[in-house]
Amino acid sequence: VTIKCSNGCEITDSVYINEPDPLVIAISEQDVSCYGGTNGAASIVVGGGTAPYTVLWSNGSSDNSIAGLSAGDYSVSCTDANGCVTGDQLSIHQPDPLSVIFSVENIKCFAQLTGAATATVTGGVGSYSLNWSNGASGASASGLGAGSYTLHISDDNGCDLSATAEITQ
């Protein structure tokens with residue numbers, strides 16, 4: 001900037017105009033551990049712009065972290081002290097539901113212990129723990145008499161399912 005005086009002198013000076021860094025948010029999320037669960041969570045870290053910041057999530061929360069989320073899509077917006085706005089979207093996921101299909105071998109002759117059941121398990125997360133009501137473990141139980149046999153299934157996230165196989169004679 002140059003200023004001229006009435007007596008012919010000149011004054012020159014520099015002016016620096018600063019602006020804040022761009023307003024940005026970083027989102028971290030935690031998916032639901034079991035199908036139909038509500039233990040999902042999300043949080044943001046705000047940078048740039050001019051503090052203080054105002055946060056608003058699509059579920060109405062104004063905190064930097066939200067919890068108790070079910071699977072679904074969410075959005076967040078952040079406004080700084082100058083009215084600058086940024087936002088983003090995220091998805092909270094869930095595993096497929098635990099499911100079991102039994103293949104059953106029924107008893108052909110009365111009072112024999114020749115029944116068997118084999119379970120095919122899908123869904124959930126990771127490996128499965130399979131325990132039958134007669135004390136057997138694993139996907140198959142054999143040497144069974146006529147009756148009902150319950151299979152208790154648990155995955156690596158601790159999600160549980162119980163289902164019953166029927167052996168007839």
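**Entry 1: the cores**

I looked for nonpolar cores in this predicted model, and the largest one has 17 residues. Val-100, Trp-132, Leu-151 and Ile-153 are the members with the most contacts inside this core. A background note for myself: in soluble globular proteins, nonpolar side chains tend to be buried together.

**Entry 2: Trp-132 and its surroundings**

Is Trp-132 buried or exposed? I looked up its relative accessible area, which is 4%, so Trp-132 is buried. Then I listed what Trp-132 touches, leaving aside its neighbours within four places in sequence. The list includes Phe-102, Ala-117, Ala-119 and Ala-165. A run of residues from Ser-137, Gly-138, Ala-139 and Ser-140 to Ala-141 is on the list of Trp-132 contacts too. Tyr-149, Thr-150 and Leu-151 are also in contact with Trp-132.

**Entry 3: the aromatic pair**

How many aromatic pairs does the structure hold? I found one. A pair of aromatic rings is described by the distance of the centres and the angle of the planes, so I noted both. The rings of Phe-102 and Trp-132 have centres 5.8 Å apart and planes at 50 degrees, so I wrote the pair down as tilted. Phe-102 sits in strand S9 (residues 99-105) and Trp-132 in S11, so the pair ties together parts that are 30 residues apart in sequence.

**Entry 4: the cysteines**

I searched the whole structure for disulfides and came away with one. This disulfide joins Cys-34 to Cys-159, with 1.8 Å from S to S. The angle about the S-S bond is -100 degrees, and the link is left-handed. Where do the two partners lie? Cys-34 is in the loop between S3 (24-30) and S4 (40-47), and Cys-159 is in the loop between S13 and S14, so the pair ties together parts that are 125 residues apart in sequence. Cys-159 has a relative accessible area of 8%, so I count this residue as buried.

I checked Cys-84 as well, and it is in no disulfide. The nearest cysteine sulfur to Cys-84 belongs to Cys-78 and is 10 Å away. Cys-84 is partly exposed, at 39% relative accessibility. Cys-109 is partly exposed too, with a relative accessible area of 42%.

**Entry 5: the sheet S11-S13-S14**

I traced an open sheet of three strands in the order S11-S13-S14, with antiparallel pairing. S11 and S14 stand at the edges with a single partner strand each, so one side of each has no neighbour in the sheet. On average, neighbouring strands here are turned by 20 degrees against each other, direction ignored. I counted five bridges between S11 and S13, which pair in the antiparallel sense. Ser-129 stands opposite Ser-154 in S13.

**Entry 6: the sheet S5-S7-S8**

Another open sheet of three strands runs in the order S5-S7-S8, again with antiparallel pairing. Which strands stand at its edges? They are S5 and S8 (85-92), each with a single partner strand, so one side of each is left without a neighbour in the sheet. From one strand to the next, the twist averages 20 degrees.

I then went through the pairings. S5 and S7 (residues 72-79) pair over four antiparallel bridges, and Thr-54 stands opposite Thr-79 in S7. Between S7 and S8, which run antiparallel, I noted eight bridges. Asp-73 stands opposite Ser-91 in S8.

In a regular strand the side chains alternate between the two faces of the sheet. With that in mind I looked at the faces of S5: Val-55 and Trp-57 make up the covered face, while Thr-54 and Leu-56 make up the uncovered one.

**Entry 7: a serine in a loop**

My last stop was Ser-61, in the loop between S5 (54-57) and S6 (65-69). Ser-61 counts as buried because its relative accessibility is 16%, and the cut-off for buried is under 20%. Leaving aside its neighbours within four places in sequence, Ser-61 is in contact with Val-55, Leu-56 and Ile-66.

Notes
Residues numbered from 1 in each chain as written. Predicted model: local features only at pLDDT ≥ 70, side-chain atom pairs only at ≥ 80, totals over all residues. Heavy atoms only, no water. Core = buried A, V, L, I, M, F, W, Y, C linked by side-chain atoms within 4.5 Å. Buried < 20%, exposed > 50% of the residue type's maximum accessible area, 1.4 Å probe, protein only. Contact = heavy atoms within 4.5 Å. Phe/Tyr/Trp six-rings, centres within 6.5 Å; stacked < 30°, edge-to-face > 60°. Helix = DSSP H or I, 4+ residues; strand = E, 2+ residues; numbered from the N terminus. Disulfide = S-S within 2.5 Å. Pairing = 2+ DSSP bridges. Axes fitted to C-alpha atoms, helices over the stretch in contact; angles between N-to-C directions.
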